[in-house]
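Subject: Handover of a structure

Dear colleague,

Please find the structure below, with its sequence. I would be grateful if you would read the notes that follow it.

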Amino acid sequence: MSISKTCAVIDYGMGNLHSAHGALQAASPDTDVIVTGDPELIRKADHVVLPGVGAIRDCMAEIRAQGIDQVVEEVRQERPLLGICVGMQAMMDRSEENGGVDCLGVFPGEVRFFGNDLQVNGESLKVPHMGWNQVRQGSHPLWDGIEDLSRFYFVHSYFVQAQKPHQVAAQCQYGVEFAAAVAEDNVFAVQFHPEKSHTAGLALLKNFLAWDGQS
Amino acid sequence: MALAKRIIPCLDVDKGRVVKGVNFVGIRDAGDPVEIAKRYNDQGADEITFLDITASHEGRDTTVHMVEAIAEQVFIPLTVGGGIRELADIRNMLNAGADKVSINSAAVYNPDFVREASEKFGAQCIVVAIDAKQVGEGHWEIFTHGGRKPTGINAVEWAAKMADYGAGEILLTSMDRDGVKSGFDLGVTRAVSDAVNIPVIASGGVGNLDHLVDGVTQGKADAVLAASIFHFGEYTVQQAKQHMADAGIEMRLV
(Lines give C-alpha, C1' and ligand atoms only; values in the text may rest on other atoms or scores of the structure.)
Protein backbone atom coordinates (compact mmCIF):
# COMPACT_ATOMS: atom_id res chain seq x y z
CA MET A 1 0.00 0.00 0.00
CA SER A 2 1.36 3.32 -1.03
CA ILE A 3 0.70 6.33 1.15
CA SER A 4 1.77 8.85 -1.48
CA LYS A 5 -0.93 11.00 -3.03
CA THR A 6 -1.99 10.56 -6.62
CA CYS A 7 -2.81 13.09 -9.28
CA ALA A 8 -4.69 12.08 -12.43
CA VAL A 9 -4.22 14.10 -15.60
CA ILE A 10 -7.32 13.32 -17.65
CA ASP A 11 -6.44 11.97 -21.09
CA TYR A 12 -9.38 12.20 -23.48
CA GLY A 13 -7.32 11.97 -26.61
CA MET A 14 -6.75 15.65 -27.26
CA GLY A 15 -3.04 16.11 -27.66
CA ASN A 16 0.14 15.64 -25.78
CA LEU A 17 0.02 15.50 -21.99
CA HIS A 18 3.72 14.87 -21.60
CA SER A 19 4.39 18.45 -20.48
CA ALA A 20 1.57 18.58 -17.95
CA HIS A 21 2.68 15.25 -16.51
CA GLY A 22 6.35 16.24 -16.39
CA ALA A 23 5.69 19.61 -14.78
CA LEU A 24 3.33 18.22 -12.13
CA GLN A 25 5.84 15.51 -11.32
CA ALA A 26 8.68 18.04 -11.10
CA ALA A 27 6.55 20.33 -8.92
CA SER A 28 5.82 17.54 -6.46
CA PRO A 29 8.19 14.56 -6.72
CA ASP A 30 6.32 12.74 -3.90
CA THR A 31 3.02 12.73 -5.78
CA ASP A 32 2.23 9.83 -8.07
CA VAL A 33 1.18 11.62 -11.27
CA ILE A 34 -0.64 9.52 -13.85
CA VAL A 35 -2.05 10.31 -17.28
CA THR A 36 -5.26 8.36 -17.77
CA GLY A 37 -8.65 8.29 -19.42
CA ASP A 38 -9.90 5.53 -17.11
CA PRO A 39 -12.84 6.91 -15.08
CA GLU A 40 -12.09 4.53 -12.19
CA LEU A 41 -8.49 5.73 -11.83
CA ILE A 42 -9.62 9.36 -12.09
CA ARG A 43 -12.24 8.81 -9.37
CA LYS A 44 -9.58 7.36 -7.06
CA ALA A 45 -7.05 10.18 -7.52
CA ASP A 46 -6.52 12.78 -4.78
CA HIS A 47 -6.04 15.59 -7.30
CA VAL A 48 -7.43 15.80 -10.82
CA VAL A 49 -6.31 17.91 -13.78
CA LEU A 50 -8.48 18.62 -16.83
CA PRO A 51 -6.20 19.83 -19.64
CA GLY A 52 -7.22 20.70 -23.16
CA VAL A 53 -5.85 21.90 -26.48
CA GLY A 54 -7.28 22.51 -29.89
CA ALA A 55 -10.85 23.26 -30.87
CA ILE A 56 -13.61 23.23 -28.23
CA ARG A 57 -16.04 21.26 -30.42
CA ASP A 58 -13.61 18.33 -30.65
CA CYS A 59 -12.72 18.57 -26.96
CA MET A 60 -16.34 18.57 -25.82
CA ALA A 61 -17.19 15.74 -28.21
CA GLU A 62 -14.44 13.56 -26.70
CA ILE A 63 -15.26 14.60 -23.13
CA ARG A 64 -18.87 13.47 -23.66
CA ALA A 65 -18.05 10.37 -25.72
CA GLN A 66 -15.72 9.07 -23.03
CA GLY A 67 -17.93 9.93 -20.06
CA ILE A 68 -15.43 12.47 -18.75
CA ASP A 69 -18.29 14.93 -18.19
CA GLN A 70 -19.76 12.57 -15.58
CA VAL A 71 -16.39 12.08 -13.90
CA VAL A 72 -15.75 15.83 -13.75
CA GLU A 73 -19.19 16.35 -12.27
CA GLU A 74 -18.34 13.88 -9.48
CA VAL A 75 -14.80 15.10 -8.86
CA ARG A 76 -15.82 18.72 -8.64
CA GLN A 77 -18.08 17.97 -5.69
CA GLU A 78 -15.27 16.87 -3.45
CA ARG A 79 -11.68 16.92 -4.68
CA PRO A 80 -9.20 19.52 -5.90
CA LEU A 81 -9.72 19.93 -9.65
CA LEU A 82 -7.54 22.05 -11.94
CA GLY A 83 -8.58 23.06 -15.45
CA ILE A 84 -5.92 24.21 -17.89
CA CYS A 85 -6.46 26.29 -21.06
CA VAL A 86 -9.23 24.66 -23.11
CA GLY A 87 -9.86 22.58 -19.96
CA MET A 88 -10.86 25.87 -18.29
CA GLN A 89 -12.96 26.92 -21.27
CA ALA A 90 -14.72 23.54 -21.20
CA MET A 91 -15.80 24.30 -17.62
CA MET A 92 -17.83 27.36 -18.69
CA ASP A 93 -21.46 27.31 -19.84
CA ARG A 94 -20.78 27.83 -23.49
CA SER A 95 -18.17 28.79 -26.07
CA GLU A 96 -18.74 30.78 -29.21
CA GLU A 97 -15.97 28.82 -30.99
CA ASN A 98 -17.01 26.49 -33.85
CA GLY A 99 -20.33 28.29 -34.23
CA GLY A 100 -21.32 27.79 -30.59
CA VAL A 101 -20.68 24.80 -28.36
CA ASP A 102 -22.33 23.91 -25.05
CA CYS A 103 -19.78 23.15 -22.35
CA LEU A 104 -19.79 21.64 -18.86
CA GLY A 105 -21.28 24.58 -16.96
CA VAL A 106 -19.11 24.21 -13.85
CA PHE A 107 -18.78 28.03 -13.91
CA PRO A 108 -21.44 30.38 -15.27
CA GLY A 109 -20.06 32.43 -18.14
CA GLU A 110 -19.10 32.38 -21.78
CA VAL A 111 -16.02 31.82 -23.89
CA ARG A 112 -15.59 34.53 -26.51
CA PHE A 113 -13.35 35.23 -29.52
CA PHE A 114 -10.74 37.99 -29.24
CA GLY A 115 -11.74 39.13 -32.72
CA ASN A 116 -9.67 40.02 -35.73
CA ASP A 117 -9.54 43.76 -35.11
CA LEU A 118 -8.33 43.77 -31.53
CA GLN A 119 -6.61 47.07 -30.76
CA VAL A 120 -4.95 48.88 -27.92
CA ASN A 121 -3.90 52.55 -28.23
CA GLY A 122 -4.37 52.34 -32.01
CA GLU A 123 -1.97 49.36 -32.36
CA SER A 124 -3.60 46.20 -33.60
CA LEU A 125 -2.99 43.11 -31.51
CA LYS A 126 -2.14 39.71 -32.96
CA VAL A 127 -4.45 36.76 -32.37
CA PRO A 128 -3.78 34.21 -30.86
CA HIS A 129 -2.73 35.90 -27.65
CA MET A 130 0.59 34.08 -27.51
CA GLY A 131 3.35 34.58 -25.00
CA TRP A 132 4.02 35.75 -21.47
CA ASN A 133 1.50 38.13 -19.94
CA GLN A 134 1.07 39.53 -16.46
CA VAL A 135 -1.61 38.09 -14.24
CA ARG A 136 -3.28 40.13 -11.51
CA GLN A 137 -4.02 37.69 -8.74
CA GLY A 138 -7.09 37.49 -6.57
CA SER A 139 -6.95 36.02 -3.11
CA HIS A 140 -6.56 32.24 -3.32
CA PRO A 141 -4.20 29.66 -1.75
CA LEU A 142 -2.97 28.61 -5.21
CA TRP A 143 -1.18 31.98 -5.52
CA ASP A 144 0.80 31.46 -2.30
CA GLY A 145 4.42 32.49 -2.70
CA ILE A 146 3.93 33.74 -6.30
CA GLU A 147 4.48 37.44 -6.74
CA ASP A 148 1.43 39.36 -7.96
CA LEU A 149 1.67 40.31 -11.66
CA SER A 150 4.04 37.42 -12.38
CA ARG A 151 4.01 36.43 -16.03
CA PHE A 152 2.54 33.17 -17.29
CA TYR A 153 2.58 31.63 -20.77
CA PHE A 154 -0.65 31.98 -22.73
CA VAL A 155 -1.68 30.70 -26.13
CA HIS A 156 -5.34 31.11 -27.00
CA SER A 157 -7.72 32.91 -29.36
CA TYR A 158 -10.79 32.66 -27.12
CA PHE A 159 -11.14 34.04 -23.61
CA VAL A 160 -13.33 33.42 -20.59
CA GLN A 161 -15.90 35.99 -19.56
CA ALA A 162 -16.99 34.89 -16.12
CA GLN A 163 -20.48 35.83 -15.03
CA LYS A 164 -19.81 35.96 -11.30
CA PRO A 165 -17.09 38.44 -10.30
CA HIS A 166 -16.31 36.57 -7.08
CA GLN A 167 -15.28 33.53 -9.14
CA VAL A 168 -12.55 35.44 -10.99
CA ALA A 169 -9.32 34.32 -9.29
CA ALA A 170 -7.03 36.28 -11.61
CA GLN A 171 -7.30 38.81 -14.40
CA CYS A 172 -5.31 39.46 -17.51
CA GLN A 173 -5.49 42.10 -20.21
CA TYR A 174 -5.10 41.76 -23.95
CA GLY A 175 -7.20 44.35 -25.71
CA VAL A 176 -9.96 43.29 -23.34
CA GLU A 177 -9.85 42.30 -19.70
CA PHE A 178 -10.51 38.62 -19.22
CA ALA A 179 -10.42 35.94 -16.53
CA ALA A 180 -6.95 34.36 -16.37
CA ALA A 181 -8.28 32.10 -13.61
CA VAL A 182 -11.65 31.20 -12.13
CA ALA A 183 -12.25 29.41 -8.84
CA GLU A 184 -15.04 28.18 -6.61
CA ASP A 185 -14.78 25.75 -3.73
CA ASN A 186 -12.38 22.98 -4.73
CA VAL A 187 -12.19 23.87 -8.44
CA PHE A 188 -9.52 26.13 -9.92
CA ALA A 189 -9.03 26.76 -13.62
CA VAL A 190 -6.45 28.76 -15.54
CA GLN A 191 -6.32 30.07 -19.10
CA PHE A 192 -2.51 30.05 -19.22
CA HIS A 193 -0.25 27.00 -19.26
CA PRO A 194 1.35 26.54 -15.83
CA GLU A 195 3.24 23.52 -17.21
CA LYS A 196 4.97 25.90 -19.65
CA SER A 197 5.36 28.86 -17.31
CA HIS A 198 8.78 28.17 -15.84
CA THR A 199 9.19 28.78 -12.08
CA ALA A 200 5.89 30.66 -11.58
CA GLY A 201 4.01 27.81 -13.27
CA LEU A 202 5.74 25.12 -11.25
CA ALA A 203 4.98 27.05 -8.05
CA LEU A 204 1.28 27.13 -8.94
CA LEU A 205 1.25 23.40 -9.70
CA LYS A 206 3.03 22.71 -6.41
CA ASN A 207 0.41 24.77 -4.57
CA PHE A 208 -2.34 22.85 -6.34
CA LEU A 209 -0.92 19.48 -5.35
CA ALA A 210 -0.60 20.66 -1.74
CA TRP A 211 -4.13 22.10 -1.74
CA ASP A 212 -6.95 20.43 0.18
CA GLY A 213 -9.64 22.18 -1.87
CA GLN A 214 -10.54 24.79 0.76
CA SER A 215 -10.47 28.37 -0.51
CA MET B 1 -0.40 44.62 -17.96
CA ALA B 2 0.88 43.88 -21.40
CA LEU B 3 2.10 40.94 -23.37
CA ALA B 4 5.90 40.64 -23.36
CA LYS B 5 8.02 40.35 -26.47
CA ARG B 6 9.87 37.06 -26.51
CA ILE B 7 13.49 36.00 -26.85
CA ILE B 8 13.90 32.57 -28.38
CA PRO B 9 17.34 30.97 -28.42
CA CYS B 10 17.62 28.64 -31.39
CA LEU B 11 19.57 25.42 -31.43
CA ASP B 12 20.53 23.97 -34.81
CA VAL B 13 20.89 20.27 -34.08
CA ASP B 14 22.71 17.69 -36.16
CA LYS B 15 22.78 14.07 -34.94
CA GLY B 16 22.14 15.14 -31.39
CA ARG B 17 24.70 17.97 -31.23
CA VAL B 18 24.14 21.71 -31.38
CA VAL B 19 25.91 23.26 -34.36
CA LYS B 20 25.91 26.68 -35.96
CA GLY B 21 26.99 27.55 -39.46
CA VAL B 22 27.57 30.82 -41.28
CA ASN B 23 25.20 31.25 -44.25
CA PHE B 24 24.18 27.62 -43.68
CA VAL B 25 27.72 26.30 -44.28
CA GLY B 26 30.86 26.16 -42.15
CA ILE B 27 29.46 24.28 -39.18
CA ARG B 28 30.90 24.79 -35.70
CA ASP B 29 30.14 22.51 -32.73
CA ALA B 30 28.43 24.31 -29.83
CA GLY B 31 27.65 21.45 -27.46
CA ASP B 32 25.06 19.18 -25.90
CA PRO B 33 21.46 20.27 -26.62
CA VAL B 34 20.04 19.17 -23.26
CA GLU B 35 22.67 21.11 -21.31
CA ILE B 36 22.30 24.16 -23.52
CA ALA B 37 18.50 24.11 -23.30
CA LYS B 38 18.68 23.92 -19.50
CA ARG B 39 21.13 26.81 -19.40
CA TYR B 40 18.84 29.00 -21.51
CA ASN B 41 15.83 27.97 -19.44
CA ASP B 42 17.69 29.03 -16.27
CA GLN B 43 18.66 32.32 -17.91
CA GLY B 44 14.99 33.14 -18.54
CA ALA B 45 14.52 32.24 -22.21
CA ASP B 46 10.86 32.62 -23.18
CA GLU B 47 10.86 29.62 -25.51
CA ILE B 48 13.42 27.39 -27.18
CA THR B 49 13.47 26.37 -30.82
CA PHE B 50 15.34 23.38 -32.27
CA LEU B 51 16.01 23.10 -35.94
CA ASP B 52 16.94 19.56 -36.83
CA ILE B 53 19.37 19.71 -39.73
CA THR B 54 20.09 15.97 -39.67
CA ALA B 55 19.70 14.33 -43.02
CA SER B 56 19.35 10.66 -42.04
CA HIS B 57 16.44 8.80 -40.48
CA GLU B 58 18.61 7.34 -37.71
CA GLY B 59 19.60 10.88 -36.84
CA ARG B 60 15.93 11.84 -36.56
CA ASP B 61 15.34 9.22 -33.87
CA THR B 62 18.14 10.88 -31.94
CA THR B 63 16.24 14.15 -32.22
CA VAL B 64 13.06 12.60 -30.84
CA HIS B 65 14.98 11.29 -27.81
CA MET B 66 16.62 14.66 -27.39
CA VAL B 67 13.22 16.41 -27.33
CA GLU B 68 11.98 13.89 -24.76
CA ALA B 69 14.99 14.50 -22.53
CA ILE B 70 14.63 18.27 -22.75
CA ALA B 71 10.85 18.30 -22.23
CA GLU B 72 11.36 16.45 -18.93
CA GLN B 73 13.54 19.20 -17.56
CA VAL B 74 12.60 22.41 -19.28
CA PHE B 75 9.18 23.93 -18.58
CA ILE B 76 8.89 26.58 -21.25
CA PRO B 77 7.51 26.13 -24.78
CA LEU B 78 9.61 24.05 -27.16
CA THR B 79 9.42 24.25 -30.95
CA VAL B 80 10.97 21.66 -33.24
CA GLY B 81 11.57 22.21 -36.94
CA GLY B 82 13.45 20.55 -39.75
CA GLY B 83 12.17 17.61 -41.75
CA ILE B 84 8.50 18.02 -40.76
CA ARG B 85 6.78 16.64 -43.87
CA GLU B 86 3.83 14.54 -42.73
CA LEU B 87 1.17 14.59 -40.04
CA ALA B 88 3.00 11.63 -38.47
CA ASP B 89 6.15 13.75 -38.09
CA ILE B 90 4.13 16.34 -36.19
CA ARG B 91 2.52 13.73 -33.98
CA ASN B 92 5.94 12.21 -33.16
CA MET B 93 7.38 15.54 -32.11
CA LEU B 94 4.32 16.56 -30.07
CA ASN B 95 4.30 13.17 -28.38
CA ALA B 96 7.98 13.58 -27.55
CA GLY B 97 7.10 16.81 -25.72
CA ALA B 98 7.36 19.56 -28.33
CA ASP B 99 4.69 22.25 -28.06
CA LYS B 100 4.97 23.48 -31.62
CA VAL B 101 6.45 22.29 -34.87
CA SER B 102 7.92 24.46 -37.55
CA ILE B 103 7.06 23.58 -41.14
CA ASN B 104 9.29 24.89 -43.90
CA SER B 105 9.79 23.24 -47.32
CA ALA B 106 6.79 20.94 -46.94
CA ALA B 107 4.55 24.02 -46.83
CA VAL B 108 6.06 25.31 -50.07
CA TYR B 109 5.55 21.98 -51.86
CA ASN B 110 2.10 21.43 -50.45
CA PRO B 111 0.37 24.39 -48.78
CA ASP B 112 -2.60 22.19 -47.89
CA PHE B 113 -0.32 20.35 -45.48
CA VAL B 114 -0.41 23.47 -43.28
CA ARG B 115 -4.19 23.54 -43.40
CA GLU B 116 -4.43 19.84 -42.52
CA ALA B 117 -1.90 20.17 -39.73
CA SER B 118 -3.67 23.17 -38.26
CA GLU B 119 -7.05 21.47 -38.37
CA LYS B 120 -5.65 18.31 -36.86
CA PHE B 121 -3.43 19.69 -34.11
CA GLY B 122 -4.59 23.29 -33.71
CA ALA B 123 -3.09 26.52 -35.04
CA GLN B 124 -1.31 27.08 -31.72
CA CYS B 125 1.25 24.41 -32.53
CA ILE B 126 1.83 25.15 -36.22
CA VAL B 127 4.67 27.52 -37.00
CA VAL B 128 5.40 28.18 -40.67
CA ALA B 129 9.07 28.92 -41.30
CA ILE B 130 9.90 31.19 -44.21
CA ASP B 131 13.44 31.53 -45.55
CA ALA B 132 13.53 34.76 -47.52
CA LYS B 133 16.17 36.42 -49.68
CA GLN B 134 15.99 39.92 -51.03
CA VAL B 135 15.77 39.85 -54.82
CA GLY B 136 14.96 43.50 -55.44
CA GLU B 137 13.92 46.73 -53.79
CA GLY B 138 11.14 45.85 -51.34
CA HIS B 139 10.91 42.37 -52.83
CA TRP B 140 11.80 39.15 -51.07
CA GLU B 141 11.55 35.65 -52.41
CA ILE B 142 11.31 32.29 -50.66
CA PHE B 143 14.24 29.90 -50.97
CA THR B 144 14.29 26.25 -49.93
CA HIS B 145 17.07 23.70 -49.39
CA GLY B 146 18.99 25.83 -46.95
CA GLY B 147 18.81 28.85 -49.18
CA ARG B 148 20.00 27.21 -52.39
CA LYS B 149 16.77 26.81 -54.30
CA PRO B 150 14.65 29.77 -55.43
CA THR B 151 10.88 29.21 -55.62
CA GLY B 152 9.65 32.39 -57.29
CA ILE B 153 7.26 32.91 -54.37
CA ASN B 154 6.89 36.38 -52.87
CA ALA B 155 7.70 36.02 -49.16
CA VAL B 156 5.25 38.64 -47.88
CA GLU B 157 2.32 37.28 -49.91
CA TRP B 158 3.27 33.77 -48.82
CA ALA B 159 3.18 34.75 -45.14
CA ALA B 160 -0.34 36.13 -45.54
CA LYS B 161 -1.42 32.96 -47.36
CA MET B 162 0.03 30.74 -44.63
CA ALA B 163 -1.82 32.74 -41.97
CA ASP B 164 -5.04 32.10 -43.95
CA TYR B 165 -4.20 28.42 -44.12
CA GLY B 166 -4.07 28.19 -40.34
CA ALA B 167 -0.48 28.91 -39.32
CA GLY B 168 -0.36 30.07 -35.70
CA GLU B 169 2.93 31.90 -36.07
CA ILE B 170 5.52 32.84 -38.71
CA LEU B 171 9.24 32.21 -38.22
CA LEU B 172 10.87 34.54 -40.70
CA THR B 173 14.56 34.03 -41.50
CA SER B 174 16.56 36.30 -43.74
CA MET B 175 18.91 34.08 -45.70
CA ASP B 176 21.05 37.10 -46.58
CA ARG B 177 21.65 37.78 -42.92
CA ASP B 178 21.75 34.31 -41.38
CA GLY B 179 24.98 33.90 -39.43
CA VAL B 180 26.33 37.22 -40.70
CA LYS B 181 25.72 39.20 -37.49
CA SER B 182 24.80 42.46 -39.18
CA GLY B 183 21.26 42.59 -37.77
CA PHE B 184 17.84 41.40 -38.93
CA ASP B 185 16.56 42.33 -42.37
CA LEU B 186 14.15 44.89 -40.91
CA GLY B 187 12.47 45.55 -44.25
CA VAL B 188 11.11 42.06 -44.72
CA THR B 189 10.38 41.68 -41.01
CA ARG B 190 8.25 44.82 -41.02
CA ALA B 191 6.54 43.93 -44.29
CA VAL B 192 5.57 40.46 -43.05
CA SER B 193 4.51 41.67 -39.63
CA ASP B 194 2.23 44.26 -41.22
CA ALA B 195 0.80 41.68 -43.62
CA VAL B 196 -0.36 39.11 -41.04
CA ASN B 197 -2.43 39.10 -37.88
CA ILE B 198 -0.46 36.27 -36.24
CA PRO B 199 2.80 36.59 -34.29
CA VAL B 200 6.04 36.95 -36.27
CA ILE B 201 9.43 35.73 -35.04
CA ALA B 202 12.38 37.58 -36.58
CA SER B 203 15.43 35.45 -37.30
CA GLY B 204 18.79 35.67 -39.01
CA GLY B 205 21.57 38.14 -38.47
CA VAL B 206 21.70 38.98 -34.77
CA GLY B 207 25.21 40.12 -33.84
CA ASN B 208 24.55 42.37 -30.86
CA LEU B 209 21.79 43.27 -28.44
CA ASP B 210 20.73 46.42 -30.28
CA HIS B 211 19.78 44.18 -33.20
CA LEU B 212 17.21 42.49 -30.96
CA VAL B 213 15.74 45.86 -30.02
CA ASP B 214 15.56 46.92 -33.69
CA GLY B 215 13.74 43.70 -34.60
CA VAL B 216 10.90 44.66 -32.27
CA THR B 217 10.83 48.45 -32.56
CA GLN B 218 11.49 48.75 -36.31
CA GLY B 219 10.69 45.28 -37.60
CA LYS B 220 7.53 45.04 -35.42
CA ALA B 221 8.40 41.44 -34.58
CA ASP B 222 6.60 39.77 -31.68
CA ALA B 223 9.60 37.62 -30.86
CA VAL B 224 13.28 37.56 -31.76
CA LEU B 225 15.30 34.44 -32.39
CA ALA B 226 19.06 34.20 -32.04
CA ALA B 227 21.66 31.47 -31.85
CA SER B 228 25.34 32.24 -31.94
CA ILE B 229 25.32 35.30 -29.65
CA PHE B 230 24.11 32.96 -26.90
CA HIS B 231 25.91 29.71 -27.76
CA PHE B 232 29.40 31.05 -27.52
CA GLY B 233 28.79 32.99 -24.34
CA GLU B 234 28.94 36.49 -25.82
CA TYR B 235 25.72 37.37 -24.04
CA THR B 236 23.35 35.62 -21.66
CA VAL B 237 19.62 35.57 -22.39
CA GLN B 238 19.21 37.59 -19.20
CA GLN B 239 21.49 40.36 -20.45
CA ALA B 240 19.61 40.42 -23.73
CA LYS B 241 16.25 40.74 -21.99
CA GLN B 242 17.49 43.47 -19.68
CA HIS B 243 18.88 45.37 -22.66
CA MET B 244 15.53 45.18 -24.45
CA ALA B 245 13.65 46.20 -21.30
CA ASP B 246 16.00 49.18 -20.87
CA ALA B 247 15.07 50.20 -24.42
CA GLY B 248 11.44 50.39 -23.28
CA ILE B 249 10.28 47.02 -24.60
CA GLU B 250 7.87 44.99 -22.49
CA MET B 251 9.85 41.91 -21.38
CA ARG B 252 9.53 39.08 -18.89
CA LEU B 253 12.40 39.55 -16.48
CA VAL B 254 13.07 36.68 -14.06
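The notes below concern the interface and one residue.

This is a predicted model, in which local features need pLDDT of at least 70 and side-chain atom pairs count only at pLDDT 80 or more, while totals for chains, interfaces and linings use all residues. Residues are numbered from 1 along each chain as written, chains are lettered from A and ligands numbered from 1 in the order written, and side-chain values use heavy atoms, without hydrogens and water.

Chain A gives 34 residues to the contact and chain B gives 37 residues (contact: heavy atoms within 4.5 Å). About 2,800 Å² is buried between the two chains, 54% of it on carbon and sulfur atoms; this is the accessible area (1.4 Å probe) lost on putting the two parts together, summed over both.

Three salt bridges are counted between chain A and chain B (a side-chain nitrogen of Lys or Arg within 4 Å of a carboxyl oxygen of Asp or Glu). A:Lys126 and B:Asp222 form a salt bridge through their side chains, at 3.0 Å from N to O.

A:Ala23 belongs to helix 1 of chain A (helices are DSSP runs of H or I, at least four residues, numbered from the N terminus). A:Ala23 is buried, at 0% relative accessible area (buried: under 20%, 1.4 Å probe, protein chains only). Leaving out residues up to four places away in sequence, A:Ala23 touches A:Glu195, A:Leu202, A:Leu205 and B:Phe75.

Yours sincerely

How values were computed. Helices (H or I, at least four residues) and strands (E, at least two) are DSSP runs, numbered from the N terminus. Buried means under 20% relative accessible area, exposed over 50%, partly exposed in between (1.4 Å probe, protein chains only).
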